[in-house]
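Hello,

Here is the structure I promised to pass on. Please have a look, then read my notes below.

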Amino acid sequence: MAAAAEGPAARFEHMGLDPRLLRAVAELGWGSPTSIQAEAIPLALEGRDLLVRARTGSGKTGAYGLPVLQHLLRAREVSGAAGRGGRGGSGGR
Ligand SMILES: Nc1ncnc2c1ncn2[C@@H]1O[C@H](COP(=O)(O)OP(=O)(O)OP(=O)(O)O)[C@@H](O)[C@H]1O
């Protein structure tokens with residue numbers, strides 16, 4: 001298991017993650033982010049481009065996977081709203 005990050009800000013709940021992702025993280029038993037996750041996830045959620053290097057097993061997959069999933073969830077919500085006329089359109093072709 002990857003080593004957890006330390007510090008008061010090092011909590012998944014404080015990163016602005018979607019509640020569904022927070023639930024998934026809890027189900028995985030990830031109590032707190034690893035150091036690389038604590039550093040990378042907030043920046044990725046801001047939309048920053050990142051080049052990250054950390055040792056094997058340090059939690060890099062979650063560090064990029066959670067922001068990618070959040071982006072997909074948000075994109076689906078936006079396109080769903082557009083499909084229902086959220087952009088003032090006819091809802092389709
Ligand atoms: N925040 C966390 N808390 C507890 N365990 C975690 C956390 N993040 C990841 N893990 C677990 O740590 C292990 C290693 O994580 P992961 O495979 O994401 O690391 P990695 O840096 O991507 O590894 P690699 O360099 O091999 O690709 C996995 O079993 C994963 O489920």
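How far is an oxygen atom of the ligand from an N or O atom in the side chain of Lys60? The distance is 2.7 Å. That is a polar contact, meaning a pair of N or O atoms within 3.5 Å; within protein, one must be able to donate a hydrogen and the other to accept it, and residues adjacent in sequence count only if both atoms are side-chain atoms.

Some ground rules. This is a predicted model: local features need pLDDT of at least 70, side-chain atom pairs need 80 or more, and totals for chains, interfaces and linings use all residues. Residues are numbered from 1 along each chain as its sequence is written, and side-chain values use heavy atoms, without hydrogens and water.

A polar side-chain atom of Thr61 is 2.7 Å from a ligand oxygen. A polar backbone atom of Gly59 is 3.1 Å from an oxygen atom of the ligand. On its own the ligand has 640 Å² of accessible area (Shrake-Rupley method, 1.4 Å probe). The protein covers 68% of that area.

Now the helices (DSSP runs of H or I, at least four residues, numbered from the N terminus). Helix α1 spans residues 19-28 and helix α3 spans residues 60-83. They pack at about 145 degrees, with axes 10 Å apart. Axes are lines fitted to C-alpha atoms over the stretch in contact, and angles run from 0 to 180 degrees between N-to-C directions.

Which residues meet there? From α1 come Arg20, Leu21 and Val25. From α3 come Leu66, Leu69, Gln70, Leu73, Arg76 and Glu77. Contact means heavy atoms within 4.5 Å.

Last, the ends of α1. Asp18 caps the N-terminal end, with a side-chain oxygen 2.8 Å from the backbone nitrogen of Arg20. Gly29 follows α1, and its phi is positive, near 85 degrees.

Best wishes

Methods:
Helices (H or I, at least four residues) and strands (E, at least two) are DSSP runs, numbered from the N terminus.
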